[in-house]
Amino acid sequence: MNRRSFRDIHGILLLDKPLGLSSNQALQTARRLVGAAKGGHTGSLDPLATGLLPLCFGEATKIAGWLLGSRKAYEAEVKLGATTTTADLEGEIEETRPVPALDDALVEAALAPLRGRITQVPPAYSAIKQDGVPLYVRARRGEAVDVPSREVEVYRLEVIERAGDTLRLHVECGSGTYVRSLAVDLGANLGCGAHLTGLRRLWVEPFMAPAMVTLDELRAAAETGPDPLEACLLPVDAGLAHIPRVELETDQTRVLGFGQPVPLGAGAATGRCGVWGADGRLMALGEVGEDGILRVLRGFNLPTP
């Protein structure tokens, strides 16, 4: 598909990212297939990882950064007994140690400190930038990388299966959490070291039961025509499904259309919300303050339904 075929398309694609592609490679492949002039993803998955990668096209890119901070769930495979330079199977083995005799109590004792609000050190091979340079670039150059710790939230961390020296884990966590670092810390707590050998993202809030589309399915739809392709996309408002919906009257729609705050009254629910105009069009991601006034965080320029 050449550049002249690109057009204004607004929506969200729930891509099942394949193994081996970076998030940006997956995005650009999907964007070319869909023919979207503008696209972005909602948070990187390592090439090792598969699973849900929400892609935003057109006006949906305005909420991509907000979705980046959403709660996420993963299935992770962790190999005990060895640490690697990258904290996953793509790196070189740094150290091997014997794995202790495991039982449920020992594993639970090692997992317990990794739940809740915890301090975590991200991997040196990560996309975090220092002075505008990703850490993995510095690490590959052989430079000493000083990775600052950060606070992250781990809501659930449970064993799905234990097979020999390998654990399968269910992880639910907040933005900025590195599952690779959880694997490293689990290995440290067990005294034997560990690294991540597999990772699949299961869902990203608000897409809790996602009907994911593969790149092969997207290619097949592209061969058929634009209608099957557009059927693969969710509307922009699907990304706002987990927050309150505010529907404006005609006069309020006009005020918001001028970019002005809209008084909703003292009884209005506070916090972030999706804002719809009197014509049924999604107008904005907004926020209602304690004063009952609705203010726009991101405005949308979508066609009238």
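In this predicted model, the axes of helix H3 and helix H5 (residues 179–190) come within 8 Å of each other and cross at roughly 125°. That angle makes H3 oblique to H5, and the crossing of the two helices is right-handed. On the H3 side the contact is made by Leu106, Ala110 and Leu111, and on the H5 side by Leu186, Asn189 and Leu190.

Leucine 114 lies in the loop between helix H3 (104–111) and strand S7 (116–120). With a relative accessibility of 5%, leucine 114 counts as buried, because a residue is called buried when that value is under 20%. Which residues does leucine 114 touch, once its neighbours within four places in sequence are left aside? Its contacts are Val154, Leu157, Leu182, Asp185, Leu186 and Asn189. For one of these, aspartate 185, the C-alpha atom is separated from that of leucine 114 by 7.8 Å, although the two residues are 71 residues apart along the chain.

S10 and S11 form a hairpin with 2 residues between the strands, where glycine 164 takes a positive phi near 65°.

A further group of strands forms an open sheet of 5 strands in the order S13-S15-S16-S17-S14, with mixed pairing. Strand S13 (245–247) and strand S14 (262–263) stand at the edges, each with a single partner strand, so one side of each is left without a neighbour in the sheet. S13 is joined to strand S15 (residues 271–276) by 3 bridges, and the two strands run parallel. In this pairing, arginine 245 has glycine 274 in S15 as its bridge partner. The strand pairings described so far are set out below.

Helix H1 (residues 23–34) has 12 residues and reaches 16 Å from its first C-alpha to its last, close to the 16 Å expected at 1.5 Å a residue. Buried in H1 are Ser23, Ala26, Leu27, Thr29, Ala30, Arg31, Leu33 and Val34. What do the buried residues of H1 pack against? Their partners are strand S1 (11–17), strand S2 (39–41), strand S3 (49–57), helix H6 (215–224) and helix H7 (226–231). H1 is followed by glycine 35, whose phi is positive, near 85°.

Taken as a whole, the protein chain has a secondary structure of 8 helices and 17 strands, and its C-alpha atoms fill a box of roughly 70 × 50 × 40 Å along the principal axes. Of the 305 residues in the chain, 47% are buried. Among contacts between residues at least 6 apart in sequence, 67% join residues at least 24 apart.

Notes
Residues numbered from 1 in each chain as written. Predicted model: local features only at pLDDT ≥ 70, side-chain atom pairs only at ≥ 80, totals over all residues. Heavy atoms only, no water. Helix = DSSP H or I, 4+ residues; strand = E, 2+ residues; numbered from the N terminus. Expected span 1.5 Å × (residues − 1). Buried < 20%, exposed > 50% of the residue type's maximum accessible area, 1.4 Å probe, protein only. Contact = heavy atoms within 4.5 Å. Pairing = 2+ DSSP bridges. Axes fitted to C-alpha atoms, helices over the stretch in contact; angles between N-to-C directions. Parallel < 35°, antiparallel > 145°, perpendicular 65-115°, else oblique. Left-handed = near helix turned anticlockwise from the far one by under 90°.
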